[in-house]
Number of protein chains: 4
Amino acid sequence: MSEVIGEARRRSARKRADVLAVACSVVAERGADATRFADVTAATGVGVSTLQYYFGTREDLLIAVFRFAAQSDFDAVGERLAGVADPWERLMAIASHLTGAIGSDTGWRLWVESWRWALRDPELRAEVLGDYTRWHVLLAEIITAGVSAGRFATDAVPMDVARQALALIDGLALPVALGDPQVTGAMAGDLLADALGRLTGLR
Amino acid sequence: MSEVIGEARRRSARKRADVLAVACSVVAERGADATRFADVTAATGVGVSTLQYYFGTREDLLIAVFRFAAQSDFDAVGERLAGVADPWERLMAIASHLTGAIGSDTGWRLWVESWRWALRDPELRAEVLGDYTRWHVLLAEIITAGVSAGRFATDAVPMDVARQALALIDGLALPVALGDPQVTGAMAGDLLADALGRLTGLR
Amino acid sequence: MSEVIGEARRRSARKRADVLAVACSVVAERGADATRFADVTAATGVGVSTLQYYFGTREDLLIAVFRFAAQSDFDAVGERLAGVADPWERLMAIASHLTGAIGSDTGWRLWVESWRWALRDPELRAEVLGDYTRWHVLLAEIITAGVSAGRFATDAVPMDVARQALALIDGLALPVALGDPQVTGAMAGDLLADALGRLTGLR
Amino acid sequence: MSEVIGEARRRSARKRADVLAVACSVVAERGADATRFADVTAATGVGVSTLQYYFGTREDLLIAVFRFAAQSDFDAVGERLAGVADPWERLMAIASHLTGAIGSDTGWRLWVESWRWALRDPELRAEVLGDYTRWHVLLAEIITAGVSAGRFATDAVPMDVARQALALIDGLALPVALGDPQVTGAMAGDLLADALGRLTGLR
DNA sequence: TATGAATGAGAGTTCATTCAT
DNA sequence: GATGAATGAACTCTCATTCAT
C-alpha cells in the first residue's frame, strides 16, 4: 500500500512539475505581476483550487516558477557545456544564452521577472543573489582555466572579468528582448564575442 | 481675463509636474504594476479623481511617469556633461550614473520598469527604443571624439563600442540595484572603468 | 441698453432651444437613464458646465427634454390636422403618427422614455397624464364630430372610443419601434385603420 | 459523492432562482437602468460578489431577470387558461392580465423594461420578438377556435385580430400602470372587453 | 487528493457637481 | 453670461482566498 501511495505521490509530483513548466511560459508572457491564477488555469486546464492546493498562495506559485526557471536555465547551460573543453568556446556557449538559443527569450524574461520580484522580497533576493554568484563562479572558473591554458592573456582578477562578462551578457540581452531592430540577437552575439575577446585578452 | 486663465493653466501644469515627480519615486519604490492610484494619492495628497483628471487612465499615468523619468535622466546627464571636455572623463561621468549619484537608484529602477512595460506596450516600446538610441548616439559621439583626440586607441566602430558600453552599464547596474554585497556601487564603478578602458583602448 | 440685454436673452433662449432639440435625439437614441451630460455635450458642442448653467441638474435637463418633445409632438400633429376636415381622415392623420412619418421613431421613443420616467417622478407624472388627456380629448372631439356628421356609426361614448383608439396606436407602435419584421410600419397602419374602422363604425 | 455534489448544485440552482424572483420585483420597482447590484443585495441578503458569481455582469443579471419574468408571465397565463374552454372567456382571461391580477403590475413593468432594453440589445431583441410572436400565436389560436365554434363572427385574418388585440392590451396597460385616475384597471378591463367584442364580432 | 461554491477586499472608472474665473 | 478646473461619491468588476464536499 505504501507503494501505491508512493506512486500516487510521484504522479502528483510529475503533474506539479508539468504545471510549473507551463506556468513559466505564462509568467514570461504576461509578466509576474499580471499573472493571475486564472491565467495559469487557462494555460494548463488545472482548476484554480488545484493550483492553490499544489502551490499555496499566488506569491508561492510565482516563487516556485522563478526557482524552477532558474534551475532549468542553469541546468541547460550545464548540459551545453558538458562536451566543450576549450575555455573560449565554453565562454561562447554561455554567451549564446543571449542569442535566444535557450527557449527563445522565455528564460531571459523570467530572469528579469525574478530579479524584479527579488527587489521587494528578501527571501527571493537571497536566492537570486545566490544564482548570481553561481554564474559568476562558473565564469570565473572558465577564465582561470583559460589563463592557465594560455588561451587568455589578462592580468585582471578572474572574478572581476567574470562580473564584467555577465554584465555584458545581461546588458546586451535587454535590447534584444525588447526587439530593438538595431541590436538583433546575431549582432548582440558579435558584440559580445568581440568585447569578451578584448576583456579576456583572447589569443 | 485671458491672462488670468493663462495663469490658472500654468499653475495647473506646474502642479501636474510636481505630482509627476513624486509619482516617479512611488513607481520606483513599488514597481509599476503594483502602483495604485491610491499610492500616488497617499504620496502627493492629490485625490484619486484629480490624478485621473490630470493623467487619465492608470496606464496613462504610468507612461507619463516613464516619459518624465527618461527625460529627467537624460537631462541630468546632459547637465553633468556640460563642463566636461575630456572624452574619458565624459565617459566616466555617464558611467557614474550607475554608482547612484544621479538619484539613488530611482532612475535606474524606473528605467527597468519602463523597459519591462515596453515589452507589452508597442507605443511605449517605440519610445524606449528611441531613448536607447539617444544614449547610443551620445556614447558613440564621445568615443569618436576620443579617437580623434588620440585619447582612445581602438579600431572598432564607435557605435559598436557604444553599445558594448551601455550594455556594461546596464548589466552592472542590475546587481547593484539588487544590493548584491559582492557588487557594490563603488566596485561596479571600478569594474566599469576597467572594462571601458580596455574596450576603448584608453591611453 | 435694456434692448441689448433683451437681445442677448433672446439669443440665449434660442441657443437653449437649439440644444434642447439636439438633446431630444440623444435621449431618444440612448435612453434617458443612459444620457449623460457628456453625451449631450458631444452632440451639441456645448460644454457640460454650460448645459448645467442652462438647465440645472441632469434630471432638470431630462424633464426639459420630455416637455419639449411632448409639446413638439402635439404641435406637429396639430399642424398636420390643420387642413383636414373629414373626421376619418383626421383620425388617420393622427394614426400616421405611428407609421413614423413625424420624425422617424424619435418622437415615440421619447414618449416611452418620459412615460417611464413619470412612473417614478410625481411631478412629471402629472404632466404626462395631462398630455394623455389632451390626446384623449382631441380624439374624442373628432369622434363626436364624425358621429354628428354621420361618418361614424357607433353607440359608444366618444371618450371611450378615444381611449381605445389611443391604446391601439400606442400598442401597435411598440413592435414597430422594436423593428418586429412581422409588424412593420405599413402593416401596423393597415391594422390600425381596420381596427379603428370597426370601433368607430366607419361607413 | 456525485450525489452530494448533485445536491449542492441543485441547492445552488434553487437559490439562484429565488434570487431571480426577488430581483424581478427590484427591477420592476426601480427600473432596469437604475437597478444596482447593491439594490438586489439589499433585497435578497445575497452579497454583491455572489450575485456576480451567479449571473455575471450587471447586464447579464438584468437579462436573466427579463427572461425569467417573460417565462413566468407566459406560464401564469397558461395555468389560468388551463380550465377555460370558451374562446371568449379565454380571451378575457388573457385580458385580465391587464387588470393587474397577475402579480400587481410587476409583470407589466418588467415587460416594458425588457422591451426598452431590447431596443439597444440585439440579442435580447430577438428574444423579445420571439415572445411577442408567442402571444400573437396564442391569441390567434383562440380566435380561430372561436370562429370555428361560431362564437366569433369576423372575416378578418385571425393573426391580424390577434395583433390588434395584443396592441389594445399593451396600449391600455400604459395609463393603468401610470396610475391615470381616468383609466383605472377596472375601466381598462371594460374598454378592452368592449373593443375585443367588436373586433372579434362576438355573438 | 482534488475541486466547485461562495465571498470580501480592493481598484479603476465614470459622472454630476461645486468653485473660481 | 459662460466655462474650465477640481473633486467626492457611487458602482462595477476582478481576484485571491476560505469552506465544504
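In the UniProt record, an unreviewed entry, residues 13–73 of chain A are listed as "domain: HTH tetR-type". In the model, which is predicted, this span is 82% helix and 0% strand, and its end C-alpha atoms lie 20 Å apart. The unreviewed UniProt entry also lists residues 36–55 of chain A as "DNA-binding region". Here the end C-alpha atoms are 13 Å apart, with 80% of the span in helix and 0% in strand.

Helix α2 of chain A covers residues 37–44, and its buried residues are A:Phe37, A:Asp39, A:Val40 and A:Thr41. After α2(A) comes A:Gly45, a residue with a positive phi, near 80°.

D:Asp39 belongs to helix α2 of chain D, which spans residues 37–44. Is D:Asp39 buried or exposed? With a relative accessible area of 18%, D:Asp39 counts as buried, because the cut-off for burial is under 20%. Leaving aside residues up to four places away in sequence, D:Asp39 touches D:Val26, D:Arg30 and D:Ala34.

Turning to the arrangement of the chains, it is handy to recall that two copies of a chain are related by a rotation about an axis and a shift along it. Chain D is superposed on chain C by a rotation of 180° with 0.1 Å of shift along the axis, at an RMSD of 0.1 Å. These two copies are therefore related as by a two-fold rotation axis. Within chain D, D:Gly171 has the C-alpha nearest this axis, at 2.0 Å. The interface tells a matching story: 100% of the interface residues of chain D are also interface residues in chain C, so the copies meet through the same surface.

Chains A and B can be described in like manner. A rotation of 180°, with a shift of 0.1 Å along its axis, brings chain A onto chain B with an RMSD of 0.1 Å. The C-alpha of chain A nearest the axis is that of A:Gly171, 2.1 Å away. Both copies use the same surface, as 100% of the contact residues of chain A recur in chain B.

The largest pocket has a volume of about 420 Å³. Its lining consists of 23 residues, and those nearest the centre are C:Ala70, C:Asp73, C:Trp111, C:Asp131 and C:Trp135. Four helices of chain C, namely α4 (58–82), α6 (106–120), α7 (122–148) and α8 (158–178), are the elements that give two or more residues to this lining. Which element gives the most to the lining? That is α7(C), with seven residues. By residue type, the lining of the largest pocket divides into 13 nonpolar, four polar and six charged residues.

Note on methods
Residues numbered from 1 in each chain as written. Chains lettered and ligands numbered in written order. Predicted model: local features only at pLDDT ≥ 70, side-chain atom pairs only at ≥ 80, totals over all residues. Heavy atoms only, no water. 1 Å grid on protein atoms, 1.4 Å probe; cavity = no way out; pocket = protein on both sides within 12 Å on 5 of 7 lines; lining within 4 Å. Points joined across faces, edges and corners; volume = space filled by probe spheres on them. Nonpolar A, V, L, I, M, F, W, Y, C, P; charged D, E, K, R; others polar. Buried < 20%, exposed > 50% of the residue type's maximum accessible area, 1.4 Å probe, protein only. UniProt positions renumbered as here; feature names shortened; annotations may be inferred. Contact = heavy atoms within 4.5 Å. Least-squares fit on C-alpha atoms with pLDDT ≥ 70 in both.
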